[in-house]
Amino acid sequence: MKFFAHKVPGGKLIKIKLDEEDGRIKRVVITGDFFLHPEDCIHSIEKDLLNCRINSIDLLNRIESTMTEMSCQFIGATPNDIVYAILKAMES
Amino acid sequence: MAIDESIMLAIKEGRSQSTLRFYRWNPSAVSIGTFQSMQEEVDVDYCRANNIDVIRRITGGGAVYHDYEGEITYSIILPKGHRLAPDDILDSYRLLCSGIIKGLEYLGIQSEFKPINDIISGTKKISGNAQTRRHSCLLQHGTTIFDLDVELMFTVLKVPQEKISDKMISDIKERVTSVRSILGPSVSLQDLREALQYGFSEALDIALVPGSLSNDEREKVEELRSQKYQADDWNFSR
């Protein structure tokens with residue numbers, strides 16, 4: 001799996017473990033010391049990212065769509081931070 | 001953990017009321033945030049060889065070493081809509097952390113809230129906190145560091161360089177402090193506990209009435225302990 005750890009300036013740490021195939025997410029695990037309310041939202045974000053094209057626009061749209069649907073809130077990180085970490089993991 | 005969740009479920013069902021607990025971890029333990037990976041954050045082999053429990057919390061945040069002799073943990077559990085449970089999460093951290101700040105002030109330690117979820121004295125962290133909102137309740141819990149064994153803490157925890165690199169501090173010992181290091185050896189854990197009790201009562205304007213778990217709560221504690229908090233499925237998920 002590809003891996004990247006991103007310390008959000010003034011925020012928390014996000015870690016990405018990622019399997020990709022043909023430029024799409026095959027599996028992703030998002031860990032870290034951030035807060036997400038409600039906590040179960042992380043499973044939905046990871047599930048909804050499956051098969052997502054790995055580019056900033058598609059990733060951000062997918063994450064924000066899930067968060068809106070579940071009324072989720074990140075504390076110490078943002079969807080953009082998750083996207084950044086996924087893209088950096090792809091470079092690794 | 002199981003006690004907190006049992007109380008939350010009882011409050012949701014109208015069988016219990018707002019609760020403030022103070023406790024110590026016996027044996028000493030490492031808890032990780034709900035979004036962390038146990039194997040990434042904790043030297044599990046070392047913990048098992050040295051009778052240190054490992055557990056995943058239901059709150060986010062980071063990995064914490066809970067030294068039986070080194071800290072007091074609090075948890076405050078409130079029903080949704082309580083005056084001490086504002087909808088804004090950052091506001092609620094600030095409000096509930098004022099109990100610790102008032103308690104430390106009672107001991108003679110000046111401290112302040114540092115967003116998102118820390119309390120610092122000077123520039124050093126003396127308390128970390130974490131919150132979840134579920135079961136129609138707010139649970140906030142956190143530690144106040146009484147005495148710090150830095151070497152042991154960073155033996156059991158795997159702290160990544162990425163977390164501290166942007167603060168330009170390479171020595172982790174400069175980032176945390178403790179009640180004992182500020183006040184000296186004459187202060188006891190009992191002193192800290194009494195100060196925290198006073199602090200929460202004063203800062204939050206609450207009357208504290210001693211209580212105990214109901215039989216139903218105790219039964220739920222045992223169920224949660226065996227089926228969740230002692231289970232590898234929970235602790236080693238992610």
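Which residue in S3(B) is the bridge partner of Val30(B)? The views below come from a predicted model, and the first of them gives the answer.

**View 1. The open sheet S3-S2-S4 of chain B.** Three strands of chain B make up this open sheet, in the order S3-S2-S4 and with mixed pairing. Its edges are strand S3 (53–56) and strand S4 (64–66) of chain B; each has a single partner strand, so one side of each is left without a neighbour in the sheet. On average, neighbouring strands here are turned by 25° against each other, direction ignored. Strand S2 (residues 29–32) of chain B runs parallel to S3(B), and four bridges join the two. Val54(B) in S3(B) is the bridge partner of Val30(B).

**View 2. The open sheet S1-S2-S3 of chain A.** In chain A, an open sheet is formed by three strands in the order S1-S2-S3, with antiparallel pairing. Strand S1 (2–7) and strand S3 (24–32) of chain A are its edge strands; because each has a single partner strand, one side of each is left without a neighbour in the sheet. Eight bridges link strand S2 (residues 13–21) of chain A to S3(A) in the antiparallel sense.

**View 3. Area buried between chain B and chain A.** The contact involves 25 residues of chain A and 26 residues of chain B. About 2,100 Å² is buried between the two chains, and carbon and sulfur atoms give 56% of this area. On the side of chain B, the residues that lose the most area to chain A are Phe35(B), Ile89(B) and Arg238(B), which together account for 34% of what that side buries.

**View 4. Charged and polar pairs across the interface.** Five salt bridges are found across the interface of chain B and chain A. One salt bridge is formed by the side chains of Lys15(A) and Glu40(B), at 3.4 Å from N to O. Ten residue pairs are in polar contact across the interface of chain B and chain A, with both residues at pLDDT 80 or more. Several elements of chain B each supply at least two residues of the side that touches chain A: helix H2 (38–41), helix H4 (89–107), strand S8 (124–134) and helix H6 (161–164). S8(B) gives the largest share of that side, six residues. Sorted by class, the side of chain B that touches chain A holds eight nonpolar, ten polar and eight charged residues.

**View 5. Two cis peptide bonds in loops of chain B.** Asn26(B) and Pro27(B) are joined by a cis peptide bond with omega of about 5°. Pro27(B) is found in the loop between strand S1 (19–23) and S2 of chain B. A cis peptide bond also joins Pro115(B) to Ile116(B), where omega is about 20°. Ile116(B) belongs to the loop between strand S6 (112–114) and strand S7 (118–121) of chain B.

**View 6. The backbone at His135(B).** Although His135(B) is not a glycine, its phi is positive, about 55°. His135(B) sits in the loop that lies between S8 and strand S9 (137–145) of chain B.

Terms used
Residues numbered from 1 in each chain as written. Chains lettered and ligands numbered in written order. Predicted model: local features only at pLDDT ≥ 70, side-chain atom pairs only at ≥ 80, totals over all residues. Heavy atoms only, no water. Contact = heavy atoms within 4.5 Å. Buried area = accessible area lost by both parts, 1.4 Å probe. Salt bridge = Lys/Arg side-chain N within 4 Å of Asp/Glu carboxyl O. Polar contact = N/O pair within 3.5 Å; in protein donor to acceptor, adjacent residues only side chain to side chain. Nonpolar A, V, L, I, M, F, W, Y, C, P; charged D, E, K, R; others polar. Pairing = 2+ DSSP bridges. Axes fitted to C-alpha atoms, helices over the stretch in contact; angles between N-to-C directions.
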